[in-house]
Amino acid sequence: MTSDPVARFLAERGAKVDRKNRMRLMKSSEILDTALRIYQRMGLTFLRFTAVPALLCLASLGFVDNFVLPNLFTTSSNGSAGQVMGEFAFSVGLAVFVGGPLFLLGVSYTSALVVQLVSEYMLGHAPAPEEAASVASRLLPKLFVLNLRELVLSISGILASTAIIGLSGYIAKTSPDSDSTAGIVAVVGGLGVFAGAIIFLFIIASDALAVPVAVLERISARDAAKRSRNLLKRVGYHPSGTGNIWSLYFLLLFLALILAAGLYAFIGIFDLRDHFSNLVSSVPGHPLLVQAFDLFPPFVIIWTLLPVWASVITIVYYERKIRLEGFDIDVLASEIPVDRR
């Protein structure tokens, strides 16, 4: 903070003007634009504090990809229904209760940190990254429980449909080749997975503000999810706020495709994978190092896009409070000097 009173006054005045520009009703495009401008200003801070959480998310995806998916629809049993379903349930359990918590730890910490920093920016305060990191560490258990609850609720349809597909594999193994039951069950399961993915997106969209609510209002996980749904629902002539979250889905998909195409094209054009493999060929654990190199593009995508998600949901949180609760009036009223006489 500068010691020059004139410079300090101008800085505070500029912060108030910026805050008035942000504390207003916004369309989806304006929300996304504001989030990207915030990312331009504080992106390096976000990335500096969220590299390790992004690695946890990557470890979760790597675990599921290498140890769960290859064994999900295969079995070592001799046709026993109990063994087939037991192995299937074990694989699904590994994905949900081992891979899931790793991913949620990274998402919870990143969300808590970014939500606080973006909130300070929206309110016209000077962001304090170290303090935000400390608060994120304290809130990590509560946010982990919150996100675990949302994960179990949102993927319940996908898990049920996956179980149906696993059942079709058992039916195919124990029934004659001329029996079409297994194929019908597999089609039903596949359609169920597609429907479950849509339901997953709807549930995440309706509860998207639960993390900002839990971080900024310090309420329980269940109450945070309930308040998120209340803030996002349609009220009178105010439209539902879930459209903002669906716009965010498309933005993240677009950014992920751009990043993936650019990274893989760069690696392919310059044969970086082969050069790296030759460079570490004499190093112990060479295959693991090459596999780690292959995970670099997914890591960059996760590392850079998680803060975008957290930034947008924080802005949507304030926009809905302004729209439904007149939060901007409270903020502007706090700037009016009060004559104590």
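**Group meeting: the helices of a predicted model**

At 55% relative accessibility, Phe-90 counts as exposed, a word I use for over 50% relative accessible area, with buried meaning under 20% and partly exposed in between, for a 1.4 Å probe and protein chains only. Phe-90 sits in helix α3, residues 81-122, and the C-alpha atom of Phe-90 is 9.2 Å from that of Val-68, 22 residues away along the chain.

Please keep in mind that this is a predicted model, in which local features need pLDDT of at least 70 and side-chain atom pairs count only at pLDDT 80 or more, while totals for chains, interfaces and linings use all residues. Residues are numbered from 1 along each chain as its sequence is written, and side-chain values use heavy atoms, leaving out hydrogens and water.

The chain as a whole has 13 helices and 0 strands, where helices (H or I, at least four residues) and strands (E, at least two) are DSSP runs numbered from the N terminus. Of its 341 residues, 42% count as buried.

Let me turn to α8, residues 221-232, whose 12 residues reach 17 Å from the first C-alpha to the last, close to the 16 Å expected at 1.5 Å a residue, the expected span being 1.5 Å times one less than the number of residues. Which residues of α8 are buried? They are Ala-221, Ala-224, Ala-225, Arg-227, Ser-228, Leu-231 and Leu-232, and because they cover an arc of only 165° around the axis, they lie on the same side of α8; that arc is taken from the directions from the helix axis to the C-beta atoms. The face turned away from this buried side carries the exposed residues Arg-222 and Lys-226. Among the elements covering the buried residues of α8 are α4, α6, α7, α9 and α12.

Two of these helices, α6 and α9, have axes that come within 9 Å and cross at roughly 125°, with axes fitted to C-alpha atoms over the stretch in contact and angles running from 0 to 180 degrees between N-to-C directions. That makes α6 oblique to α9, since angles under 35 degrees count as roughly parallel, over 145 as roughly antiparallel, 65 to 115 as roughly perpendicular and the rest as oblique. In contact terms (heavy atoms within 4.5 Å), Leu-201, Phe-202, Ile-204, Ala-205 and Ser-206 in α6 meet Thr-242, Ile-245, Trp-246 and Tyr-249 in α9. The buried residues of α6 include Ile-204 and Ala-205.
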